[in-house]
Amino acid sequence: MAKFNENFLNLKESYLFSEVAKKVKAFQDKYPERSVIRLGIGDVTLPLGKSVVKAMHEAADEMGSADTFRGYGPEQGYDFLREAIAGYYRSFGVELDPDTIFVSDGAKSDTGNITDLFSKDNTVLIPDPVYPVYVDTNTMNGRNIIYTAGNKENGFLPMPDKNVHADIIYICSPNNPTGACYSEAQLKEWIDYALANDAVILFDSAYESFIADPELPRSIYQIEGAEKCAVEFCSLSKTAGFTGTRCGYTIVPKGIVSKAADGREMSLNKMWNRRQCTKFNGVPYVVQRAAASVFSEEGRKEAKEMTAHYMINAKIISDTMTKLGINFTGGINSPYIWFECPFGMNSWEFFDFMLEKTGVVGTPGAGFGKNGDRWFRLTAFNNEENTREAMKRFETLFEGK
Ligand SMILES: *Cc1c(COP(=O)(O)O)cnc(C)c1O
């Protein structure tokens with residue numbers, strides 16, 4: 001028998017969403033007459049914007065006509081989309097070379113696939129709690145992972161420790177699950193640390209469109225030095241409701257270079273291009289047309305309306321936390337509200353308690369790393385009526401306490 005990749009044995013079984021689903025089903029079987037409100041899932045609920053759907057229809061018609069049909073497209077994405085993305089970055093003051101923009105089927109694939117470009121011998125620094133993909137993909141490759149703790153003291157925004165060396169650093173800002181968002185000054189510290197360590201930052205900006213505070217950076221390239229050390233991953237999933245449509249983009253600057261053991265210069269941009277051309281054949285034309293329409297004036301307006309809708313829910317939830325005196329992060333520049341479990345419970349105890357008493361479903365923080373053990377995530381991805389009702393029920397947990 002072939003030898004399998006035994007690093008897979010080191011993956012922790014992810015019980016999170018299956019365990020949540022199992023518990024919700026048991027609740028519904030036990031109380032068929034009670035209503036369940038789901039504020040647990042990190043998936044959008046609003047449909048695609050009208051101009052996006054129109055662009056998809058038009059592109060589908062093009063594909064059905066001999067003179068406009070398209071076969072394989074460029075692996076890096078069509079120019080019309082790369083230019084639209086560059087135009088979007090220009091709107092907040094970042095000038096990108098279109099050759100550094102790579103269109104993909106989403107940020108999850110790219111944050112995992114980028115590990116192809118790095119040797120096994122690197123030390124990877126990952127915040128805890130965070131989106132589990134970074135840990136799992138590096139575990140599959142057998143890389144040494146060290147963690148930097150997010151906690152109440154640092155507001156879930158861990159800062160670099162000069163006494164610890166790392167070669168690859170993951171940053172997710174605004175963060176999933178904590179909703180915490182780094183300032184320019186904080187990201188500058190990370191960039192300085194990366195440059196001092198000859199490290200590469202892998203920056204996940206999937207939630208940039210939720211940033212309302214104009215002082216907070218939407219892209220790591222708003223900070224000097226990032227073009228020499230940072231790769232940025234973004235996606236239309238949360239920005240424009242593309243979780244089921246699938247389109248993202250990764251920016252790999254030409255300034256990220258390293259010397260090979262034999263002295264030859266290696267460029268991360270060239271390597272990523274080679275990797276994509278070898279293993280990827282591009283995003284469907286229809287989807288790229290839909291994605292480009294998100295960056296049009298009309299498309300941006302629609303996307304803003306979607307975000308605004310979710311942020312009303314985020315405010316309802318965060319106002320409830322404030323009112324009840326519960327410690328939380330997020331909810332302002334993020335669709336996530338991350339709060340400390342009340343009554344001294346851990347996150348699974350609180351999950352069971354809240355479900356039993358109120359029928360409201362959230363996500364236990366333990367699923368995002370050990371520092372999440374006593375924390376809990378609620379999401380703004382629902383409608384306003386359900387969110388209000390969920391918070392009304394949530395408040396009843398505190399009556400008489
Ligand atoms: C949702 C999400 C993404 C987006 O993933 P896609 O594959 O583009 O849908 C990326 N990073 C984080 C942290 C996310 O929560």
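User: How many bridges join S5 to S6, and do they run parallel or antiparallel?
Analyst: Five bridges join S5 to S6, and the two strands run parallel. Bear in mind that this is a predicted model.

User: What stands opposite Ile171 in S6?
Analyst: Phe203 of S6 stands opposite Ile171.

User: And how do S3 and S5 pair?
Analyst: Strand S3 (residues 123-128) and strand S5 (residues 168-172) also pair in the parallel sense, over two bridges. Val124 has Ile168 in S5 as its bridge partner, and Leu125 has Ile169.

User: Is S5 buried or exposed?
Analyst: S5 is mostly covered, with five of its five residues buried.

User: Which residues sit on which side of S5?
Analyst: Ile168, Tyr170 and Cys172 are on one side, while Ile169 and Ile171 are on the other.

User: Switching to H8. Why does its length agree with what a helix should span?
Analyst: Helix H8 (residues 268-279) has 12 residues, which at 1.5 Å a residue should span 16 Å. The end C-alpha atoms of H8 are 16 Å apart, which agrees.

User: Which H8 residues are buried?
Analyst: Leu268, Asn269, Trp272, Arg275 and Gln276 are buried in H8. Seen down the helix axis, the buried residues fall within an arc of 125°, so they line one face of H8.

User: Why would residues three or four places apart point the same way?
Analyst: An α-helix has 3.6 residues a turn, so residues at that spacing point the same way.

User: What is exposed on the other side of H8?
Analyst: Lys270, Arg274 and Thr278 are exposed there.

User: And what covers the buried residues of H8?
Analyst: The cover includes S2, helix H4 (107-113), strand S6 (200-204), strand S7 (230-235), strand S8 (248-251) and strand S10 (265-267).

User: What about the sheet of four strands, what order does that have?
Analyst: That open sheet has the order S11-S12-S15-S14, with antiparallel pairing. Strand S11 (328-330) and strand S14 (363-364) are the edge strands, each pairing on one side only.

User: How many bridges between S14 and S15?
Analyst: Two bridges, in the antiparallel sense, with S15 covering residues 375-379. Phe376 in S15 is the bridge partner of Pro364.

User: Which strands does H10 lie across?
Analyst: Helix H10 (residues 297-324) lies across S11, strand S12 (336-340) and S15. H10 runs at about 15° to S12.

User: Last topic, domains. How is the protein chain divided?
Analyst: Domain 1 is 6-47 + 299-396, and domain 2 is 50-296.

User: How far apart are the domain centres, and how many residues are in contact?
Analyst: The C-alpha centres of domain 1 and domain 2 lie 26 Å apart. In contact are 34 residues of domain 1 with 43 residues of domain 2.

Key. Residues numbered from 1 in each chain as written. Predicted model: local features only at pLDDT ≥ 70, side-chain atom pairs only at ≥ 80, totals over all residues. Heavy atoms only, no water. Pairing = 2+ DSSP bridges. Expected span 1.5 Å × (residues − 1). Buried < 20%, exposed > 50% of the residue type's maximum accessible area, 1.4 Å probe, protein only. Arc of directions from axis to C-beta. Contact = heavy atoms within 4.5 Å. Axes fitted to C-alpha atoms, helices over the stretch in contact; angles between N-to-C directions. Domains from an automatic or database assignment.
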